Amino acid sequence: MKENKNFDFLYLEDEDDTINIREVVDKYRYYYKWFLLGIIIALIGAFLYLRYTPKQYEVASTILIDDQKKGGLSSELSAFADLGLMGGVRTSIDNEIGILKSRSLMERVVKNLKLNIKFYYQGRVTQTELYKNRVPFKISFNVKDSILRKLDTSFTITRMAKNAFMLKNSEGEEVSKQYYGESVTTNFGSFVVTPNSLENKHVNQEIKVTISPLELVANAYQKNIKIEPYDKKSSLINLSLKDNIKQRAKDILDYLVNQYNKDAIEDKSFIAKNTDAFINERLEVISKDLTVVDKGVENFKTKNNLTDVVVEAGLILTSNQSVQQKIIGLQTQLKLVEYVTNYINSNTTNLIPANLGLADENTNQSTVQYNELLLERNRILKSSGKLNPIILNLDDQILKLQQSIKQGLVNLKSSLTISLNAAKKEEMHLNSKITSVPKQEREYRDIQRQQQIIETLYLYLLQKREENAITLAVTAPNAKVIDRAYGSSIPVAPKPRLIYMAAILVGVIIPLIVLYLIFLFDNKVHTSDELETEIKAPILGDIPETTSEDKIVILENDESGVAESFRMLRTNVTFMLTGVKGTSKIIFLTSTIKGEGKTFTAINLATILAMAKKKVLVVGADIRSPKLAAYLNIREEKGLTHFLTDNQLQVKNVIQHVKATGFDMIQSGIIAPNPSELLMNGRFDEVIAYGKQHYDYVIVDTPPVSVVTDTLILSKNNADLFIYVVRANYLDKRLLKIPKKLYNEKRLPNMAMLINCTNPLKGYGYGYGYGYGNEVKKPWWKRF
C-alpha cells in the first residue's frame, strides 16, 4: 500500500499530463548553493571586468551646415549682393556628411594629432593608455612621412635617472641606454626624447610606445565616429565619438570640424583666386598698351603743334559723340569676348572668370553655373574616385556647359561685330559732313579713341580686382559650430549597473542550464511518484539514504529517519498481509539489477520485525552472489546451497541464529555451478514449509529478475508478499518495463514496490546508498 503524503502541490493540468510545478521548483531549489556560488563568481568576474576594462566616454559636437534649401547659415556675402557676387554653390547635407566621414579627411586629423602614436603605462595587471600631458616625455621623429605612415612597431622607454632612460625593443630586450635630447637611431629612423619635467619623477616607470599604420588608425576612427543630421528638416549635424580617453575624442571632433571648414574655405576661394590671377594678367598687358597709346598722343601733338584739339573741334564733333561712345562700348565688349575665348581655349579645366560684364546675360549665367559645377566636382572628388557616377555626371554637364559658353561667345562676337560695323557706317556718314575738320583732327581722334578704349578697359578691370579682393576677404566657412565637442565625466561603457545585473543573470542561468542538462540526461529513477507513474503496483514506502557503514541500521530505541522508515515499512507489510490466512507469512524480496539493496532491506526488515517479538527467518536465496553473511559480518557456514545439494541435510542443520539482530538465517552457502537446477529440485519447498511451521515471517532474499530466472522459479511457491526493491538514482528508468510487465502479467504474487536510498532533503532520491558493495562517503564537493 502506498503511503499517503499530505503535501500541497501546484498543478498545471490538461487531459493527459499533470505538471508538478512545486516539485520542479524544489528540485532546483535544493541546489541553491550552486546558484549562490554562480552569482558570487559572476559578480567577482563583473567586478574584475569593470576594474580592468578601459572606460568609454562619449563626446558630441553640433554644427550648422550652410544649406540654403533648409535655412542654413546666413552668408556674409549678402552685403555685396549688388556687386553680383552671390553665385555660390548650394550645399547638400548628405554630401557634407560624406565629406566629414571621408577617409582622406580623417587621415589628416590622425596625422596632425599624431593619433597613430600611443603611449601605455604597464600596471600590475593591465596597461593604461596615456595621452598628451600625462605622457612624461615627448618624442620627435626624424622619419619621412611615407615611412611613418606605414610603420607598425613598438618599443619601451624606462626612465633610469634624471637625464637617462633605457630603450627596450618590442620583445622586451634592452637595446641601449640613452640620454634625453640625443638622437636615438633605430632600424626605421631616428628620434629624440625630451622630458616634460626635469624633476626626478617616474623613475623605473615603463612607458610602451606603439606606432600603428596611419591608414588603419584612420579607418578605425572613421568607423567609430557617428555623423547624423539632427532631423530631416534641419541643417544641424550631430557628431559623436566614443573613446577611452575623453580629451582625445574632443580633440578629434574639434579638429575634424576645423579641418572641414578650412577645406571648404579653400574651395570657395578657389574661383576668386583664379579670377584674381586672370585680372592681374590682363591688367599687366593693358597697362603696356595704355603706355604705348599715351606716348602716341604725345608725339602726335608735338609733331602737329596742337594744344587742345577737343575744344577746337568740339562744336563740329558734338553730333558724332554718341556714335563714338557706342563704337567704344562695342569694341570693349569684343575685346572682353576675345580675352575670355582665348582663356577658355587655353585653360579647359580651370574656372572661367566671372562677373566681367559681358553683354550676353545667358553667357554670364552659364559661366556662373559652370564654375559651380566644377567646384562641386572637385570637392566630391576628394572623397571618391573619378569613376564615381556623380563625378561622371558632373563631367558630362561641365563639358556641355563649356561648349555652350564657347558657342555663346561666338554668337556674341558675331552680334557685336554686326553692331560695330553698323556704327562705323553711321560714323563715316557723319564724318563726310565734317569737311572743315583738318586731317590732323581726324587722325588725333583715331588715336584718342584707342586711348579711351584701353583706359576704359583698364579702369574696369581695376574695379573688378577690388570686388574680387572683397570676395576673398569675406569667404565664409561651410559649417558654424553650435556646440564644441563636449562629454560627460560619467563613462557610457561599461555600465556598472547593467554589468552587475547581467552577471547576476549569468550566475543564475549557467547553473540552471547545467542542472537542466543534468536532469535532461538523467535517466535514473528518483521518487516513488515516478514509480507510481510507470507501475500501478502498491508502494510500501521510501527507505532514506544513510551514511552509516553498518548494514544493520536498526537499533533499540532508534528514532532516526532510517529506523522510522523501516517501522513504516513493517506497518505497511503487516497491512498488505492482513488478508493472508495462516500465522506464518512468506515475504520474497527481489530487484531488477544487482546493487539495489534488497539484501540490506531484507536483514533490516527482519530486524525490525524481530524487535516486535516476531520469529523471523531470513533465507539467502541469491546463491549466485551471496551477500548475507558479509552484511551480517559473520563467518560463512553451511547454507542453502549445501541443503539443496545434500539430501541428508535437514533444514534445521543449516539454520543459525544471529544474536545481534534477533532473527534466524539460512546463508546462501557456496556458489553452485547450476543454481537454477538446484532451485528446481524440490528441496527449496522444504525450506519454505519448515519456515511456515516454525516462524512468524520467512523473508527470502532472491536474485535480480533481469539477470537470472531464479526468482521466477522460486515465485511458484506462492509468496504471500513480493517486495520489489528499486534503488533511487541507480536504476535506469528504461528498466522499469521489467517490473511493470511482471506486475501486469501477475507473475510475482501480491507484488508491491519499495524505493530505497532516497534523499528527503532533495525531494527526490539522489545520492549514494547501500546494497551490494561498500557504501562510499561523499566528498565535500559532492555534498556541496
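**Note on the enclosed space in a predicted model**

1. By class, the lining of the largest cavity in this predicted model holds six charged, four nonpolar and three polar residues, where Asp, Glu, Lys and Arg count as charged, Ala, Val, Leu, Ile, Met, Phe, Trp, Tyr, Cys and Pro as nonpolar, and the others, Gly among them, as polar.

2. That lining comprises 13 residues, and I99, D263, D267, R379 and K382 are the ones nearest the centre of the cavity. Two or more lining residues come from each of α3 (93-100), α4 (103-113) and α7 (246-303), and α7 gives the most, with four residues.

3. The largest cavity has a volume of about 100 Å³, and a search of the whole structure finds three cavities of 30 Å³ or more. On a 1 Å grid over the protein atoms alone, a cavity is a set of points where a 1.4 Å probe fits but cannot get out, and lining residues have an atom within 4 Å of a point; points are joined across faces, edges and corners, and the volume is the space filled by probe spheres set on them.

4. The protein has 23 helices and 23 strands, taken as DSSP runs numbered from the N terminus (helices H or I, at least four residues; strands E, at least two). Of its 784 residues, 44% count as buried, meaning under 20% relative accessible area with a 1.4 Å probe, protein chains only.

5. Residues are numbered from 1 along each chain as its sequence is written. Local features need pLDDT of at least 70 and side-chain atom pairs count only at pLDDT 80 or more, whereas totals for chains, interfaces and linings use all residues, and side-chain values use heavy atoms, with hydrogens and water left out.

Conventions
1 Å grid on protein atoms, 1.4 Å probe; cavity = no way out; pocket = protein on both sides within 12 Å on 5 of 7 lines; lining within 4 Å. Buried < 20%, exposed > 50% of the residue type's maximum accessible area, 1.4 Å probe, protein only.
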